[in-house]
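This report is meant for a reader who is meeting the structure for the first time.

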Amino acid sequence: MAGRAADSTVLAGARVVLPTGTVENGRVTVESTRISGSAPEDARIVDLTGHWVVPGFVDMHNHGGGGASFTSGTVDEVLHGIRTHREHGTTTLVASTVTGEMDFLARRAGILSELVEQGDLAGIHFEGPFISPCRKGAHSEALLRDPDPAEVRKLMDAARGTARMFTLATELPGGIDSVRLLAEHGIIAAIGHTDATYEQTVEAIDAGATVATHLFNAMPPLAHREPGPIAALLEDDRITVELINDGTHLHPAILELAYHHKGAGRVALITDAMDAAGFGDGQYQLGPLAVSVTDGVARLVEGGSIAGSTLTLDTAFRRAVTIDRIPVEGVVRSISANPARLLGVDDRVGSLEPGKDADLVVLDEDFVLAGVMRKGEWIIEPKTA
């Protein structure tokens, strides 16, 4: 059952994960759309004993879901995809594009920017076309181009202030100048789909890059004589690394390696989801490329490259705690607080603190999603005794 909570609601009895740690038998008070520091005497009490209450998830890299594409779908289709991810706990979401013609991407930015302006999306992430043909993954090589700052600015302008991140192969001509341009405008320059050397990656970080797009994927592997981008991205505290924790993109030992070197404060768990997330196996399109999804794994029909994921963040959370043995507090930082900080929305979301939006997720004792609230409204209302 979904709907607006009473004007004052107290979620009581759960383990509540706050920025300062986990509170046993904790309480979260919701006043209208926000978290409150106190509750009136007539507040509705919801007993969540045996559950966890954590902040709503923040996904900064997502191409679609529920059968709908953020890269090419209509406004209604995009809204359907957003709703699908909300039902899996993602209360704040950035829409990611894929490589396309520049004019098409500019038009797409115009459509998505309207959804940002009305509060449905938290921003736009341009993944491509400024990436390496050597590490293109599920991007059309024919449409790739060097990161010319003038063309980067064209997409920035088309997004009307809603662009939050660009993924760049910063070793390409214009890459460093594009990083500087983005940094000057407060937009995340993310290093990804790159064939850069260690030294070239360090140069990009010094120029202002702050994120590694899906670390380990679509970049040269770590090697003892040619450490490549992975070593540079892991060792530098200025970089937050995206990780896709679906069991396909990364071996658990690699995820543990990233957490060991970065710490939970410099990891952002993402989905990199495409249309099939929350929908099912079948045939799909990712930009101009045909994708086949079998047993939940998305691959290009031509060539077999992994093509995004079918992941939702509730599954990423559960895997991180139960399989990867990351402490719950660390997972919360990686899936909520860190991406909120990077996106510049941590004044409103990303943690359970008075004054912030009442965006939260209820998990049962096995970390299975049991409830989702966004701005004080139950998207999925937890079943209580």
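The paragraphs below describe selected local features in turn.

This is a predicted model, in which local features need pLDDT of at least 70 and side-chain atom pairs count only at pLDDT 80 or more, while totals for chains, interfaces and linings use all residues. Residues are numbered from 1 along each chain as its sequence is written, and side-chain values use heavy atoms, with hydrogens and water left out.

**Salt bridges**

The structure holds 14 salt bridges, a salt bridge being a side-chain nitrogen of Lys or Arg within 4 Å of a carboxyl oxygen of Asp or Glu.

| Pair | Closest N to O distance |
|---|---|
| Asp-103 and Lys-154 | 2.7 Å |
| Lys-136 and Glu-141 | 3.6 Å |

The salt bridge between Asp-103 and Lys-154 links distant parts of the chain, since Asp-103 lies in helix α2 (residues 102-117) and Lys-154 in helix α3 (residues 149-158), 51 residues apart. Helices (H or I, at least four residues) and strands (E, at least two) are DSSP runs, numbered from the N terminus.

How exposed these side chains are is described by relative accessible area, where buried means under 20%, exposed over 50%, and partly exposed in between (1.4 Å probe, protein chains only). Asp-103 is partly exposed at 46%, and Lys-154 is partly exposed at 35%. In the pair of Lys-136 and Glu-141, Lys-136 has a relative accessible area of 27% and is partly exposed, and Glu-141, at 45%, is partly exposed as well.

**Helix α3**

The helix that carries Lys-154 has a buried side, formed by Glu-151, Val-152, Leu-155, Met-156 and Ala-158. These residues lie on the same side of α3 because they cover an arc of only 165° around the axis, the arc being that of the directions from the helix axis to the C-beta atoms. They pack against α2, β12 (124-127), β13 (163-168) and α4 (175-184), while the face turned away from them carries the exposed residues Ala-150 and Asp-157. At the start of α3, a side-chain oxygen of Asp-148 reaches to within 2.9 Å of the backbone nitrogen of Ala-150. After the helix comes Arg-160, whose phi is positive, near 55°.

**A three-stranded sheet**

Strands β18, β19 and β20 form an open sheet in that order, with antiparallel pairing, two strands being paired if DSSP finds at least two bridges between them. The edge strands, each pairing on one side only, are β18 (282-286) and β20 (297-300). Strand β19 (residues 289-294) is joined to β20 by four bridges, and Val-293 stands opposite Ala-298 in β20.

**Thr-29**

Thr-29 has its place in strand β3 (residues 21-31) and is buried, with a relative accessible area of 9%. With its neighbours within four places in sequence left aside, Thr-29 is in contact (heavy atoms within 4.5 Å) with several residues, among them Thr-9, Val-10, Ile-35 and Ser-38.

Definitions and conventions
Polar contact = N/O pair within 3.5 Å; in protein donor to acceptor, adjacent residues only side chain to side chain.
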